[in-house]
Amino acid sequence: MIELIGFLYSIILGAVITSFTNVVGLRVPRKQSIVTPRSHCPSCGHELSPWELIPIFGYLALRGRCRGCGERIAPTYPIFELLGAIGYGYSYTLYGFSMTTLLAFAFLSTLLALAVSDLSTMLVPNVILRITAPVLLVLTYVAGATWWSPLAGALLGFSLLATVFFVSKGGLGAGDVKLFTMIGLVLGPRDVLVALFLSSLIGAVVGMGLIASKKIGRKQPIPFVPSIALGTMLTFWFSESFFDWYFELM
Ligand SMILES: [Zn+2]
């Protein structure tokens with residue numbers, strides 16, 4: 001029973017926090033306040049009432065259109081809220097009532113805020129990294145990391161991405177370098193490599209898919225952070241059991 005309550009609570013918390021990180025990801029890179037003005041329709045200014053703000057269900061009840069002017073609401077927001085809810089619920093299933101669950105929540109929400117920001121403005125705001133990195137570092141230690149793992153992970157993430165940054169001359173943003181430094185803090189040296197591998201793979205598939213479906217031109221930059229977020233969380237959740245399984249085979 002207590003397990004079920006914890007699980008449901010995690011799902012609701014995930015949806016609610018993600019509707020907040022959506023606001024952060026949209027407003028912070030534009031240097032707007034995250035408190036005022038209240039959420040409103042970008043085309044007609046209609047201010048959202050409390051029930052319209054309910055994650056996922058508000059969007060469904062409105063059938064994806066603004067009540068003021070009928071303009072379509074971007075499905076990105078409810079999709080992210082759904083991903084946040086699933087991610088929180090899944091983390092709780094894996095780690096129960098523990099510091100690792102708290103770390104997973106904070107890590108996922110940071111990545112979701114940055115993904116929204118990248119999708120809407122192609123920016124990875126420094127201020128989000130500056131606020132979240134120390135919190136994530138503390139949680140990583142409290143969740144049981146060795147003293148050297150975050151340091152080695154951050155150093156490795158930074159040096160690899162900085163190398164790619166200078167070699168590719170702009171194929172990668174400076175924001176991606178900082179982001180992988182933070183990812184290294186949480187994942188440590190082995191898993192930051194796994195996350196980089198998975199993120200690049202997902203990014204390549206997404207990029208080829210978008211070009212093949214003519215959604216974007218060949219030269220157009222593609223936001224990479226959503227792929228990084230997915231690759232990184234998959235690493236966080238599955239890398240340990242993958243390596244356990246792999247070394248048992250040998
Ligand atoms: Zn409207």
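These legends accompany several close-up views of one predicted model.

**View 1**
Let's start with the overall picture. The secondary structure of this predicted chain comes to eight helices and zero strands, and reading along the sequence gives the pattern α-α-α-α-α-α-α-α. The radius of gyration is 19 Å, close to the 18 Å that the globule rule gives for 250 residues, so the chain is as compact as a globular protein of that length. If you follow the C-alpha trace along its principal axes, it spans about 60 × 55 × 35 Å.

**View 1**
The contact takes 17 residues from domain 1 and 17 residues from domain 2.

**View 2. Domain 1 and domain 2 bury an area between them.**
The size of an interface is often given as the accessible area lost when the parts come together. Between domain 1 and domain 2, the buried area is about 1,400 Å², and carbon and sulfur atoms give 86% of it. How many salt bridges cross this interface? The rule finds zero salt bridges between domain 1 and domain 2. Polar contacts are another matter to look for here: four residue pairs are in polar contact between domain 1 and domain 2.

The elements that give two or more residues to the side of domain 1 that touches domain 2 are α3 (76-95) and α4 (99-121). The largest share comes from α4, with 11 residues. By residue type, this side of domain 1 divides into 12 nonpolar, four polar and one charged.

**View 3. A salt bridge links Arg-67 and Glu-52.**
Side chains of opposite charge can pair when their charged atoms come close. By the rule used here, the count comes to four salt bridges. One of them joins Arg-67 and Glu-52, whose closest N and O atoms are 3.3 Å apart. Why does this pair tie together separate parts of the chain? Arg-67 lies in the loop between α2 (57-61) and α3, while Glu-52 lies in the loop between α1 (2-27) and α2, so the pair ties together parts that are 15 residues apart in sequence.

**View 4. The loop between α1 and α2 holds Lys-31 and Pro-37**.
Take a moment with the backbone here. Lys-31 is found in the loop between α1 and α2. Its phi is near 60°, a positive value in a residue other than glycine. Pro-37 lies in the loop between α1 and α2 as well, and a cis peptide bond joins Thr-36 and Pro-37, with omega about -10°.

Note on methods: Residues numbered from 1 in each chain as written. Predicted model: local features only at pLDDT ≥ 70, side-chain atom pairs only at ≥ 80, totals over all residues. Heavy atoms only, no water. Contact = heavy atoms within 4.5 Å. Buried area = accessible area lost by both parts, 1.4 Å probe. Salt bridge = Lys/Arg side-chain N within 4 Å of Asp/Glu carboxyl O. Polar contact = N/O pair within 3.5 Å; in protein donor to acceptor, adjacent residues only side chain to side chain. Helix = DSSP H or I, 4+ residues; strand = E, 2+ residues; numbered from the N terminus. Nonpolar A, V, L, I, M, F, W, Y, C, P; charged D, E, K, R; others polar. Rg over C-alpha atoms; globule rule 2.2 N^0.38 Å.
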